[in-house]
Structure formats: C-alpha cells, structure tokens
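These are my notebook entries on one structure. I set down what I looked up, in the order in which I looked it up.

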Amino acid sequence: MRLYLKFLSIHFRSAMTYRASFFLSCLGQVLITTNVFLSVVFLMERFDSIGGYTLPQLSLCYAVILAGTSLAECFARGLDAFGRILSQAQFDRLMLRPRPLLFQVLCQDMKPAMFARVLQAAVMLMWAIGSGAVAWTPQKALVLTLMILCGAGVFFGVFLINACVTFFTLEHIEALNIFMDGPREYGKYPFGIYGKPVLLILTFLVPLALVQHWPLQFLFGRGPGWYGLLPLAALLFLIPCGLLWRVGVRHYRSTGS
Amino acid sequence: MRQYWSFFKMRLMAGLQYRSAALAGMSTQFVWGGMEILLYRAFWLEHPERFPMGMEALSSYIWLQQAFLTLFALWNWEHDILESVKTGAVSYELLRPTDIYSMWMARSVANRLARAALRMVPVLVVSSLLPSPWGLRLPASPAAFGVFLLSAVLMVLVVCAYSLLVYALTFYLTDPNGLMVLSVACADLLGGAIVPLPFLPDGLRQFAQLTPFGSMQNVPLRLFTEDIPLSQAPAVMGLQVFWIVTLITAGYLLTQKGLRRAVILGG
C-alpha cells in the first residue's frame with residue numbers, strides 16, 4: 001500500500017510539472033461530462049419527467065455512474081495502456097520483480113486529471129442528496145456508498161477484460177469501448193429507460209444495472225430492500241475477469257528481442 | 001488548382017488504407033445510434049405531444065449523425081498541422097510554391113471525406129432497413145435531398161474553416177489545447193451533438209443557430225429530415241456561406257500575419 005501511494009504521488013507530481021496543461025486536460029474532462037449532464041437538463045426542461053424519474057433523481061443516477069467510472073479510471077489507467085506495455089515488452093521486466101503483476105501494471109500509469117471528474121461527481125452527489133430526491137435513512141446511505149464502490153469495481157473489471165484481450169490480439173478492440181465509454185454517456189438515465197433487452201444485458205452480462213438501475217429502485221422507494229444489496233452481487237463479475245487475467249498471463253509469450 | 005486536386009487525391013487514398021480501423025469503429029457507431037434511439041423512444045412513448053419534431057425525422061437525424069460523424073466532428077483535428085506549427089516544421093511547407101492556407105484546406109477536406117466514406121455506407125444501409133419510425137428514411141421530395149447535399153458541402157467547409165482558424169491561432173498561442181477543448185465543448189452543446197437543436201430551450205436555441213457551430217451538422221441533417229422546411233433553406237444556407245467567408249477570411253489573414261511574424265530557429 002505504501003508503495004502504491006508512492007507511485008500515486010510520482011504520477012501526480014509528473015502531471016503537475018506541466019501545470020497549465022494539467023488543468024486544461026482537467027477542464028476538458030469535466031466539460032465533456034458536463035455536456036452529457038446538460039443534455040439531461042434540457043430534456044427534463046421540456047418533458048419534466050421520464051419513466052417517473054425527475055431531474056434530482058436523474059442527477060443522483062448520473063453522479064453514481066460518474067463517480068464509479070472516474071474512480072476506476074483514476075487508478076486503472078495502466079490497464080488502458082496495457083497494449084503498449086505488452087508490445088514494448090515492458091511486461092517481461094514486470095515479471096522479474098517480486099511484486100504482484102496486476103499491482104505493478106496498475107502502478108505503471110495513473111490519470112490524475114480524472115480526479116477532476118471525481119470532484120465533479122462529488123459536487124453532483126451533494127446537490128442530489130440535498131435536493132430531496134430520496135427520503136434518506138442510514139440503510140439508504142449505505143446502499144449509495146455500495147453503489148459507488150461496487151460501480152468502480154465493475155468498471156475496473158471491464159478495464160481488466162479490455163487489457164486481457166491484448167494478450168491474444170496485441171491490440172485493444174475498439175468495440176469494447178461500448179462498455180468503457182458508453183456507460184459514462186448512457187448511464188445518465190437508469191438503464192431501464194432503454195428497454196428490457198438493454199436492461200437484461202446490463203444485469204447479467206456486464207452487471208452495470210446492478211450498481212445503478214436496481215438499487216436506485218430501492219432508493220426511490222419503488223423496489224424491495226434486497227435490491228439495495230445487489231451492488232455486492234455485481235462484484236461476482238470480477239471473478240471471471242480475474243480468471244481471464246490468469247489465463248492471459250499463462251498464455252503470454254514474450255515479444256522478445 | 002491542379003496541385004491541390006492531386007494533393008487531395010493523395011490524402012484520400014492514404015485515408016482509405018485504414019479499412020480495418022474503420023470497420024472496428026463502425027460497431028460502436030451502431031450501438032451509439034441504437035442507444036440514442038432507444039432513449040428518445042422512451043420520451044416519445046411518454047410525451048409524444050411535447051416532441052418538437054417527428055420520431056421518424058429524429059431517427060433519420062440520429063442515423064445520419066452516426067454515419068457522417070467523422071465528416072463534421074470538430075475533435076477530428078489535423079494533428080500533423082498543429083505539430084508542424086508548434087515545432088516549426090511548417091517552414092518546409094513554405095518552400096513549396098503553393099499557398100499554405102489552401103493546402104491545409106485541401107488536406108482537411110480530403111481527410112474528412114476519406115474517413116467518412118468508409119464509415120458511412122454500412123450505417124446508412126443497415127439503418128434504412130430498420131422498421132419505421134426507428135430507421136433512416138429518405139426525404140419525401142427530391143428537392144429536400146438536393147438542398148441536403150448542397151448544405152452538407154457547405155457544412156464541411158464551415159467545419160474545416162473553423163479548424164483552420166484554430167491552427168492559425170496556434171501561431172500566436174504556445175498551447176492551443178485550451179482553445180481546442182473549449183471549441184469541442186461549444187460545438188457539442190451548440191451544434192446539436194448532445195441533443196438536436198429543436199430540443200434546446202428557447203433563447204439558447206435561437207442563439208445556437210446563429211453561431212458558427214449551428215451552421216455545422218445542424219443544417220444539413222435538419223434539411224434532410226425536413227425539420228427545417230424547404231422555404232427556409234436559402235436563409236440557413238446563406239448563414240452557412242456567411243460563416244464560411246468570415247472564417248476563411250479571418251483564418252487566411254491570421255495565417256499570413258503569423259507566417260510573416262514567425263522566426264524560424266535552427267538550421
């Protein structure tokens with residue numbers, strides 16, 4: 001853990017060396033997600049509600065997804081660039097060191113600019129919590145925390161799969177963006193809005209609905225209490241991801257030189 | 001003129017080389033378009049009376065948007081040009097007996113056409129096979145299709161002229177990133193990328209239509225879906241021409257002045 005913090009501070013300091021450029025990329029990240037949220041605001045202004053959700057409820061919904069994906073992106077950025085680590089044979093070097101492999105990959109690259117989005121998500125959460133979208137109880141607060149943390153976990157799993165694929169293809173597959181960048185865009189509404197097929201895919205295949213749609217039903221008083229525990233079930237997704245990583249590492253043959 | 005034409009053909013052929021990347025990108029295009037339509041479908045089923053345009057028109061709008069994404073997306077910058085201005089490699093270009101602004105323009109247009117040519121066909125074919133009102137439908141009148149094509153040409157010129165203005169400003173700024181980030185955000189908001197302009201609240205909508213961003217994808221896509229009636233076509237296309245002339249003049253003058261000012265270091 002201490003080693004990890006050390007790496008974090010290195011990446012942070014290296015980003016801060018080019019201060020103006022760091023703040024600009026922060027601004028860029030925040031503007032993109034602000035625009036996504038503005039689209040919700042504009043549509044709500046015209047239609048007032050969708051599927052029984054109001055604007056404060058939708059902002060809670062988006063804040064949860066935004067917090068989950070940005071947290072995962074801050075720390076799992078190394079997985080995003082994994083194709084490069086493999087093709088430049090840096091992976092061989094990592095294998096020689098006496099630390100867990102995955103841990104080292106995560107330390108290779110981090111994205112401090114993403115903290116700006118975490119901050120943005122925190123502000124949105126504060127506002128949504130205070131806006132009376134939910135009648136808060138201690139259990140509900142706990143469920144909200146679970147949603148964010150497990151959400152980050154599921155996104156981490158998706159990034160891990162994206163990295164594992166490169167063991168076999170050497171190149172990242174653009175189609176996986178659907179589950180990496182897509183939710184940050186389409187998570188602005190509870191996934192149930194998009195209809196049954198989408199909801200089923202996101203419940204059983206990539207369990208993003210388990211950290212967003214289903215527990216939200218509980219928070220908004222539309223579903224039974226056990227919906228609130230579903231974020232924990234979403235963590236089961238990490239098991240196949242972890243297995244894939246193991247298979248990948250075993251499959252790995254150095255690019256050599 | 002012939003030199004720009006051959007330069008244009010060269011870029012087009014180079015762009016067409018990356019077929020597999022384009023194919024990979026298309027799968028995401030289908031999902032984005034599909035999700036967008038599912039979303040508006042929910043709104044349409046619940047409040048059809050508050051819809052500012054027909055569902056069929058909106059579906060056509062969304063599919064065309066996906067098909068022509070690389071044609072008008074402002075984030076499709078020419079990084080080679082930006083680099084050459086930043087590093088000073090632009091001095092080599094000055095040795096050529098061609099006007100640099102026109103060459104940049106030919107290059108931008110060619111690259112955009114090449115990227116779009118590959119991506120659009122499958123999206124257009126598949127989306128026109130979808131059942132009504134979720135698929136792409138041709139406009140009822142051939143005249144609407146004609147003005148769509150014409151304003152699409154104008155759109156490409158507006159987008160490229162805007163990009164070139166940003167490249168020209170790079171002569172004066174040490175880091176064009178801030179300008180680029182802001183431009184992309186404004187274009188997304190005011191150009192009809194995050195929500196089509198008819199869905200914007202009053203006031204903001206009228207303002208957006210007058211900005212250069214409102215003369216980009218907004219005009220041809222809405223002429224195609226006949227959301228902007230034919231009778232208004234001369235007005236909106238006139239505005240497009242106005243922005244083309246303004247942006248090209250500003251970009252051209254800034255480039256000339258920037259080049260005169262530039263001191264090339266090293267030997």
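**Entry 1: ground rules.** I note that this is a predicted model, in which local features need pLDDT of at least 70 and side-chain atom pairs count only at pLDDT 80 or more, while totals for chains, interfaces and linings use all residues. Residues are numbered from 1 along each chain as its sequence is written, chains are lettered from A and ligands numbered from 1 in the order in which they are written, and side-chain values use heavy atoms, with hydrogens and water left out.

**Entry 2: the interface.** I looked up how much area chain A and chain B bury between them, and the value is about 2,900 Å², 71% of it on carbon and sulfur atoms. Buried area here is the accessible area (1.4 Å probe) that two parts lose on being put together, summed over both. Chain B gives 36 residues to the contact and chain A gives 30; contact means heavy atoms within 4.5 Å.

I then searched the interface for polar contacts and found 10 residue pairs, both residues at pLDDT 80 or more. A polar contact is a pair of N or O atoms within 3.5 Å; within protein, one must be able to donate a hydrogen and the other to accept it, and residues adjacent in sequence count only if both atoms are side-chain atoms. On the side of chain B that touches chain A, α2 (19-46), α9 (177-190) and α10 (204-210) each supply at least two residues. These helices are DSSP runs (H or I, at least four residues), numbered from the N terminus. The largest share, 15 residues, comes from α2(B).

**Entry 3: salt bridges.** How many salt bridges does a search of the whole structure find over all chains? I recorded 9, where a salt bridge is a side-chain nitrogen of Lys or Arg within 4 Å of a carboxyl oxygen of Asp or Glu.

Across the interface of chain B and chain A there is 1 salt bridge. A:Asp48 pairs there with B:Arg50, and their closest N and O atoms are 2.9 Å apart. The pair runs from the loop between α2 (19-47) and α3 (55-75) of chain A to the loop between α2 and α3 of chain B. A:Asp48 has a relative accessible area of 49% and is partly exposed; buried means under 20%, exposed over 50%, and partly exposed in between (1.4 Å probe, protein chains only).

B:Glu78 lies in the loop between α4 (69-72) and α5 (79-87) and B:Arg107 in helix α7 (residues 100-129), so the pair ties together parts that are 29 residues apart in sequence. B:Glu78 is buried at 5%, and B:Arg107 is buried at 10%.

**Entry 4: two residues of chain B.** B:His47 lies in the loop between α2 and α3 (55-67) and is buried at 9% relative accessibility. Leaving aside neighbours within four places in sequence, B:His47 is in contact with A:Phe47 and A:Ser49.

B:Thr255 lies in helix α12 (residues 233-261) and is buried at 0%. The side chain of B:Thr255 reaches the backbone oxygen of B:Gly251 at 2.5 Å.

**Entry 5: the core.** I looked up which residues touch the most other members of the largest nonpolar core, which has 152 residues, and recorded A:Phe91, A:Tyr189, A:Leu219 and A:Trp245. Such a core is a set of buried Ala, Val, Leu, Ile, Met, Phe, Trp, Tyr and Cys residues joined through side-chain atoms within 4.5 Å.
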